[in-house]
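Visitor: I would like to learn how to read the features of a model like this one. Please take me through them in turn.

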Amino acid sequence: MAECIFCQIAEHKIHANIVLEDDEFMAFFDANPVTRGHTLVIPKKHVKDFADLTTQDAEFIKRYLVFVEKVRQELLKRFKPDRGIRVSFNTEKLILVQHLHAHLIPVY
Ligand SMILES: [Zn+2]
């Protein structure tokens, strides 16, 4: 999706401060962080929302969550939040960018 900002970040056409990246997923710092280290984790392929995922996507979801966990470990190491890291997904009208993303928010 050419006009999707997260697709453009995934393709390195728009700059983001990348935390971790592999062939399929990318983690980068939120441009408007709620706390220090607030990170977004996206699949590089355009997936709109949970609503687009089906049981056929089970393997993809598994790989995605394994990557989310890798990023969570990285944030724990880098920011040492004393309370932990909140992992969340917005849905429906809470979604600001229509490209699947997890919020990883260190809580101090
Ligand atoms: Zn996209």
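**Reading the model**

Guide: Leu40 stands opposite His103 in E5. Strands (E, at least two residues) and helices (H or I, at least four residues) are DSSP runs, numbered from the N terminus. The model is predicted, so local features need pLDDT of at least 70 and side-chain atom pairs count only at pLDDT 80 or more, while totals for chains, interfaces and linings use all residues. Residues are numbered from 1 along each chain as its sequence is written, and side-chain values use heavy atoms, with hydrogens and water left out.

Visitor: In what order do the 5 strands of the open sheet come?

Guide: Strands of a sheet pair through backbone hydrogen bonds, either parallel or antiparallel. Two strands count as paired if DSSP finds at least two bridges between them. Here the order is E1-E2-E3-E5-E4, with antiparallel pairing. Strand E1 (18–21) and strand E4 (84–88) are the edge strands, each pairing on one side only. From one strand to the next, the twist averages 20 degrees.

Visitor: How many bridges join E3 to E5?

Guide: E3 and E5 run antiparallel and are joined by 3 bridges. E4 and E5 are also antiparallel, with 5 bridges, and Ile85 has Pro106 in E5 as its bridge partner. Strand E2 (residues 25–29) pairs with strand E3 (residues 39–43) over 5 bridges in the antiparallel sense; Ala27 stands opposite Val41 in E3.

Visitor: Why is E5 described as largely enclosed by the rest of the structure?

Guide: Buried means under 20% relative accessible area, exposed over 50%, and partly exposed in between (1.4 Å probe, protein chains only). In E5, 6 of the 6 residues are buried, so the strand is largely enclosed by the rest of the structure. Both faces are covered: one side has Ala102, Leu104 and Pro106, and the other has His103, Ile105 and Val107, all buried.

Visitor: Which strands does helix H2 lie across?

Guide: Contact means heavy atoms within 4.5 Å. Axes are lines fitted to C-alpha atoms, for helices over the stretch in contact, and angles run from 0 to 180 degrees between N-to-C directions. Helix H2 (residues 58–79) lies across E1, E2, E3, E4 and strand E5 (102–107), at about 35 degrees to E2. Glu74 is in helix H2 and counts as buried at 18% relative accessibility. Leaving out residues up to four places away in sequence, Glu74 touches Val19 and Leu20. The C-alpha atoms of Glu74 and Val19 are separated by 8.2 Å, although the two are 55 residues apart along the chain.

Visitor: Which residues coordinate the zinc ion?

Guide: Donors are N, O and S atoms within 2.8 Å of the metal (3.2 Å for Na, K and Ca); water is not among the atoms, so sites may look incomplete. The zinc ion is coordinated by Cys4 (SG), Cys7 (SG), His46 (ND1) and His99 (ND1), at 2.0 to 2.3 Å. Both Cys4 and Cys7 are buried. The spacing of the donor residues in sequence is C-x2-C-x38-H-x52-H.

Visitor: Where is His101 found?

Guide: His101 is in the loop between E4 and E5, and is buried with a relative accessible area of 11%. Beyond its neighbours within four places in sequence, His101 is in contact with residues including Phe6, Leu40, Tyr64 and Phe89.
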